[in-house]
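Open the model in your viewer and keep the sequence panel beside it. Each stop below says what to select and what to look for.

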Amino acid sequence: MSKIVYIPLDERPCNLAYPLRLFTQLDDVTVVAPPAALLGHKKLPANVSALRDFLKAESVDADAVVYSTEMLAYGGLLPSRIYPEADKPDIADYEAFLKGLKTTNPALKLYGSNLIMRTPRYSSGDEEPAYYEDYGAEIFRYGWLIDKENREGLDDAERAEERQLSRTVPAEDIADYEQRRENNLKVNLANIDLVQAGVIDYLAIPQDDSAPYGYTAHDQAAVYPLIKKTRLQARIGTYPGADEAGYTLLARAVQGLTGGSFSIYPLYASEIGKTQIPLYEDRPLCESVKSHILSAGAQVALSPDSADLILAVNTPGKQMIEARDQRTHADVTYDTYRNLRAFVSQIGGLLDAGKAVAVADSAYANGADLELIEMLDTQGLLPKLAAYRGWNTNCNTLGSTISAAMIQRNAKPAVRWHEILTALLDDAFYQSVVRGEVTDNWLPRFGLNYFDLKDQADAVGAEVAKQIEALATTTLQHSLAGAKLQPQISFPWNRMFEINCAYTTLEV
């Protein structure tokens, strides 16, 4: 029995419970994670010292460690964005700790992730420093213009906008934000040095909410040249993403333990769609697919026949839109720039030929493609898939889909179907439909809002479960085979953005 120690990005189910669930019925790998009491909560940082003690003790007899730098150095994802200058990470101490793990257990493999800090384009202090509530959109735009000015120059209108923003946003807030980013960039660069020194065996550097210009792109310009200079391209992966990083590195660890090769062939719903730059990302969709396949420890297959897995990637039309708008503000190019009938037919043919097929539903942002799900259901294909995901960003979807298929490659069909159905309840029914419906039409009646469910989370969860169950019944007419679902819903950060989703089944 191989052992992996897992230190997540934060305590939310998407980073902890969901990835761990993939291992519950595997016989050859056990994954050990810290108790919830060590992991903090939202902006409250984890007990980093106790967390390191846990990791030190558990790694003595482990084969691999999959860890988030944000958790191990800052105490979590949000603490990595909001710490005071006096509490900035002690890089030397962090480096010494990782080197100590390797000294104690020289055979231990370390798989780390370290985000390039995001710069959201909207104003909200829910996950950022307090001043981002008032000036978030302006800080994003200011960083965009500064970066573009340095790289390409600005026209007169853009230069005037930059001057106006410099007068609008308090100078001390800009200084604090830029200092915080500089500190975090130093951690990114230190991790690259640890890869070069052989301490970290593989490093993923995802870019959360990335864009072609801005503060995040500026930091990329420091990270990428160092990777090239040290010739570490094969041991460091850089691409858009964040919450899927735990999935990806767990898959890589499993692949390293099992040995041999694993190849994945990408099949796209449209040739034009695969070249689109998804919302919240900075590069064509097809380039991110290659990055996620490689970071998971697999290879890109040249043909379906030579592949261990077909990754069927659902793509947008001319440009990506939000999932909640697909039925109320539909974009006709989702019909004219792609052919779902052909895509579903290809999936069915590959399954009939005995190939493993996973669906990465990346057509929309923040939710799934309901038409695709209905078509897969009508053809009876959903329970036959190796994996399915369609959540948040394109790269969240890619990383979790690939990893679920790789980790559960030898799992029983019923185990994989449970995982797929849980994803459908969350990605398709909650994120695409119910989240918006409850936020717009239910919360206001009780004085609640998207970011704060106050003391009414149980009541909101009951309403969400009722609506999800109704959608599942009407949408999955063939796949449920007469079963009635009872979803259980809770809100880990007492807001609407994410849920903890589980279900039980009642036969009728």
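Select Leu285, Cys286, Ser288, Val289, Ser291, His292, Ile293 and Ser295: these are the buried residues of helix H11. This is a predicted model. Now select the whole helix, residues 285–295. Of its 11 residues, 8 are buried, so H11 is largely enclosed by the rest of the structure. Step on to Gly297, which follows H11. Its phi is positive, near 90°.

**Next stop: Asn394**

Which helix holds Asn394? Select residues 394–407 and you have helix H15, with Asn394 in it. Asn394 has 1% relative accessibility, so it counts as buried. Show what touches it. Beyond its neighbours within four places in sequence, Asn394 is in contact with Pro278, Glu281, Leu285, Ser288 and Ser362. Two names come back from the opening stop: Leu285 and Ser288 are among the buried residues of H11.

**Next stop: H8 and H9**

Select residues 171–196 for helix H8 and residues 215–229 for helix H9. Two packed helices are described by the angle between their axes and the distance between the axes. Here the angle is about 20°, and the axes are 11 Å apart. That makes H8 roughly parallel to H9. Their crossing is right-handed.

Now show side chains. From H8, the contact uses Ile174, Tyr177, Glu178, Arg181, Leu185, Asn188, Leu189, Ile192 and Asp193. From H9 come Tyr215, Thr216, Asp219, Ala222, Val223, Leu226 and Ile227. Colour the contact of H8 with H9 by residue type: 10 are nonpolar, 2 polar and 4 charged.

**Next stop: H6 against H8**

Zoom in on the contact. Tyr132, Tyr135, Ile139 and Tyr142 of H6 meet Asp173, Ile174, Tyr177 and Glu178 of H8. These residues divide into 6 nonpolar, no polar and 2 charged.

**Next stop: H2 and H5**

Select residues 48–58 for helix H2 and residues 91–104 for helix H5. Their axes come within 10 Å and cross at roughly 20°. H2 and H5 are therefore roughly parallel to each other. The crossing is right-handed.

Which residues of H2 meet H5? Arg52, Leu55 and Lys56 do, and in H5 they face Asp93, Tyr94, Phe97 and Leu101. Colour by type again: the contact of H2 with H5 has 4 nonpolar, no polar and 3 charged residues.

**Next stop: Pro8**

Go to the loop between strand S1 (2–7) and helix H1 (17–21), and select Pro8. Is Pro8 buried or exposed? At 0% relative accessibility, Pro8 counts as buried. Its contacts, leaving aside neighbours within four places in sequence, are Asn15, Leu16, Pro34, Leu39, Ser68 and Met71. Pro8 and Gly76 are 68 residues apart along the chain, with 8.3 Å between their C-alpha atoms.

**Next stop: two loop residues**

Pick Lys42, in the loop between strand S2 (29–32) and H2. Lys42 is not a glycine, yet its phi is positive, about 50°. At 17% relative accessibility, Lys42 counts as buried.

Then jump to Arg231, in the loop between H9 and strand S6 (236–240). Arg231 also has a positive phi, about 55°, without being a glycine. At 73% relative accessibility, Arg231 counts as exposed.

**Last stop: the whole chain**

Zoom out and switch to cartoon view. How many helices and strands does the protein chain have? There are 17 helices and 13 strands. The radius of gyration is 22 Å, close to the 23 Å that the globule rule gives for 508 residues, so the chain is as compact as a globular protein of that length. Along the principal axes, the C-alpha atoms fill a box of roughly 60 × 55 × 50 Å.

Colour by burial: 60% of the 508 residues count as buried. Then turn to contacts between residues at least 6 apart in sequence. Of these, 76% join residues at least 24 apart.

How values were computed: Residues are numbered from 1 along each chain as its sequence is written. This is a predicted model: local features need pLDDT of at least 70, side-chain atom pairs count only at pLDDT 80 or more; totals for chains, interfaces and linings use all residues. Side-chain values use heavy atoms; hydrogens and water are left out. Axes are lines fitted to C-alpha atoms, for helices over the stretch in contact, and angles run from 0 to 180 degrees between N-to-C directions. Helices (H or I, at least four residues) and strands (E, at least two) are DSSP runs, numbered from the N terminus. Angles under 35 degrees count as roughly parallel, over 145 as roughly antiparallel, 65 to 115 as roughly perpendicular and the rest as oblique. A crossing is left-handed if the near helix is turned anticlockwise from the far one by less than a right angle, and right-handed if clockwise. Contact means heavy atoms within 4.5 Å. Ala, Val, Leu, Ile, Met, Phe, Trp, Tyr, Cys and Pro count as nonpolar, Asp, Glu, Lys and Arg as charged, and the others, Gly among them, as polar. The radius of gyration is taken over C-alpha atoms; the globule rule is 2.2 Å times the number of residues to the power 0.38. Buried means under 20% relative accessible area, exposed over 50%, partly exposed in between (1.4 Å probe, protein chains only).
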